[in-house]
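Here is my note on the model you sent. The points follow in order, with the fold of one chain before the confidence figures.

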Amino acid sequence: MDSTLVIGVVSIVTAGLTVGLGTIAPALAEGRALMNALLAIAQQPDEAATISRTLFVGLAMIESTAIYCFVVSLILIFANPFWDHVIAATAR
Amino acid sequence: MNISPDQTVLLDFGPVSINATLVFTWLTIALLAGLARWITRKLSTTGELSSWQNCLEVLVEGAQRQIRDIARQDPDPFLSFIVTLFFFIATCNLLAVVPGYEPPTGSLSTTTALALCVFCAVPFYGIRRHGLRRFLHLYLEPTPLMLPLNLIGELARTLALAVRLYGNVMSGGLVAAILLLVAPFVFPALMNVLGLLTGLIQAYIFAVLATVFIAAATAAQEQTAHHSQPRV
């Protein structure tokens with residue numbers, strides 16, 4: 001197998017795995033955070049503004065882990081440095 | 001496919017090239033600065049308020065209240081910094097629905113620059129408030145053993161700030177572009193509406209996190225000051 005094929009296959013499979021596995025934990029965590037925030041709002045509706053503001057910030061922190069996975073997989077697909085290197089080497 | 005407006009080079013002067021990120025950043029800055037200049041040119045404290053002045057006052061007062069709630073201290077020293085960050089990011093993200101406009105926040109270089117501004121603002125406000133010695137002592141809290149962790153945390157949160165904004169804005173644009181290929185009629189518009197929402201929320205989150213970081217540098221020192229002199 002030539003290296004172009006290997007790099008292409010490995011990049012695509014890894015990109016899929018990165019998003020697939022990497023979003024499991026943030027999804028569960030965001031669900032828990034939202035659940036607890038809703039429970040808190042149900043118990044104390046007066047504090048809804050503070051709770052939802054903190055919830056948004058917390059969700060953004062949790063979500064950023066999923067976004068790191070997404071960015072890595074996008075780099076693997078659209079801006080893969082190894083792929084560019086191999087293409088440049090074969091063109092030479 | 002481009003994943004960053006950095007790759008769209010409009011003009012090339014040898015070592016310096018003008019890419020889409022720069023041009024749209026300048027456009028956004030010109031728009032915001034021009035609008036602010038135009039509104040504040042005819043401010044009035046008595047009688048009729050112009051509707052633009054009223055709108056701006058509502059925004060600034062809302063920002064003041066939010067910062068006071070989050071930081072639990074006087075918002076005036078860092079109000080201008082935080083609100084500038086918020087308005088710049090929000091304008092970039094909202095203008096993303098305009099055809100042909102590539103949001104500068106969808107480029108890692110812009111978001112890194114913004115995150116570096118926050119990174120520099122934390123010591124700036126910390127030192128201005130409590131002096132160099134006490135600010136540096138904050139890194140030795142709770143024990144000097146935590147020094148490397150505190151330093152790594154400082155760098156990691158800057159990186160996280162940059163990549164979070166970049167990832168959100170860029171992924172919004174990219175998903176819209178991919179949906180345009182797959183289902184060209186209704187779904188891209190829906191995704192753009194969602195993009196408006198996430199764009200505003202991301203701008204808000206960036207501003208809130210900047211506030212929290214700066215407030216941690218200025219308020220924690222007050223607490224240590226209280227702890228260090230309880231018997232006076």
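1. Helices and strands here are DSSP runs, a helix having at least four residues and a strand at least two, numbered from the N terminus. Chain A has four helices and zero strands. Read from the N terminus, its elements go α-α-α-α. Bear in mind that this is a predicted model.

2. The box filled by its C-alpha atoms is roughly 70 × 20 × 10 Å along the principal axes.

3. Burial in chain A comes to 12% of its 92 residues. A residue counts as buried when 20 or more other C-beta atoms lie within 10 Å of its own.

4. Now confidence in chain B. The mean pLDDT is 84, and 93% of the residues in chain B reach 70 or more. Among the elements of chain B, helix H3 (residues 76–95) has the highest mean pLDDT, 92. Strand E1 (residues 9–13) of chain B has the lowest, 77. Over residues 224–232 of chain B the pLDDT falls below 50. That stretch has one contact in the model beyond near neighbours in sequence.

5. For the complex, the predictor gives an ipTM of 0.71 and a pTM of 0.82.

Terms used: Residues numbered from 1 in each chain as written. Chains lettered and ligands numbered in written order. Predicted model: local features only at pLDDT ≥ 70, side-chain atom pairs only at ≥ 80, totals over all residues. pLDDT = per-residue confidence, 0-100. Contact = placed C-beta atoms within 7 Å.
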